[in-house]
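Please look at the structure before reading on.

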Amino acid sequence: LLAGCRIPAPAKPASATPTPQTIAITTPNAGADGLGDPFYPQQGNGGYDALHYTLDLAVDMQRHALTGTATITAQAAQTLTAFNFDLQGLTVNRVRVNQVAAIFRRNADELTIIPASPLASGALFTTTIAYNGVPAGVADPGVPFEKIGWLVFDPGIFVLSEPSGAMSWYPVNNHPLDKAIYTFRITV
């Protein structure tokens, strides 16, 4: 039964046997946790199109650590109750969707975000993620001779983000099919 809903039963002849009724209930979905790429099936995420990333980063060169805030503007491609970003190893401290606190959970390199209310298909939305940690390189099967992503080469740091290294230093829809504009503000 649906709480608060009363569905009248259809009129039946007195001699008819009752038949079960089926009620279709449409619920929003979570975006897929990968784009299904044959080489990188879990990279990227479905359900939205990332449009713009603003990355505010403070980098501690002695510890090779970073504290960051990623603000991602995206457009929902379907009604969403949850969506994912790829993020390896870093600690997520706080997530907000459209300036409202959101629930989040981690499963390996997937950061799942559950907004306070569903996002309508076609809606623009902004996700702000505060995070920190010491990034580590990504072992990518397409680049078997070296890790990629956030790489320390004393006296500096270098990032090699494609095809899968971006998730080592910021939350991202980590697939080249989802093009976006970037703004970087980095304090070293």
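Which residues line the second largest pocket? Leu 57, Val 59, Met 61, Trp 150, Ile 157, Phe 158, Val 159, Trp 169, Ile 186 and Val 188 form its lining. The model is predicted, so local features need pLDDT of at least 70 and side-chain atom pairs count only at pLDDT 80 or more, while totals for chains, interfaces and linings use all residues. Residues are numbered from 1 along each chain as its sequence is written, and side-chain values use heavy atoms, with hydrogens and water left out.

**The second largest pocket**
- The lining divides into 10 nonpolar, no polar and no charged residues, where Ala, Val, Leu, Ile, Met, Phe, Trp, Tyr, Cys and Pro count as nonpolar, Asp, Glu, Lys and Arg as charged, and the others, Gly among them, as polar.
- The largest share of this lining, three residues, comes from β11.

**Ile 113**
- Ile 113 belongs to strand β8, residues 110–114; a strand is a DSSP run (E, at least two residues), numbered from the N terminus.
- Ile 113 counts as buried because its relative accessibility is 0%; buried means under 20% relative accessible area (1.4 Å probe, protein chains only).
- From C-alpha to C-alpha, Ile 113 and Val 95 are 7.8 Å apart, although 18 residues separate them in sequence.

**The largest nonpolar core**
- This core has 35 residues, and Ile 113 is among those with the most contacts inside it, as are Phe 83 and Ile 129.
- A nonpolar core is a set of buried Ala, Val, Leu, Ile, Met, Phe, Trp, Tyr and Cys residues joined through side-chain atoms within 4.5 Å.
- Strand β2 gives the most to this core, with six residues.

Terms used. Helix = DSSP H or I, 4+ residues; strand = E, 2+ residues; numbered from the N terminus. Buried < 20%, exposed > 50% of the residue type's maximum accessible area, 1.4 Å probe, protein only. 1 Å grid on protein atoms, 1.4 Å probe; cavity = no way out; pocket = protein on both sides within 12 Å on 5 of 7 lines; lining within 4 Å.
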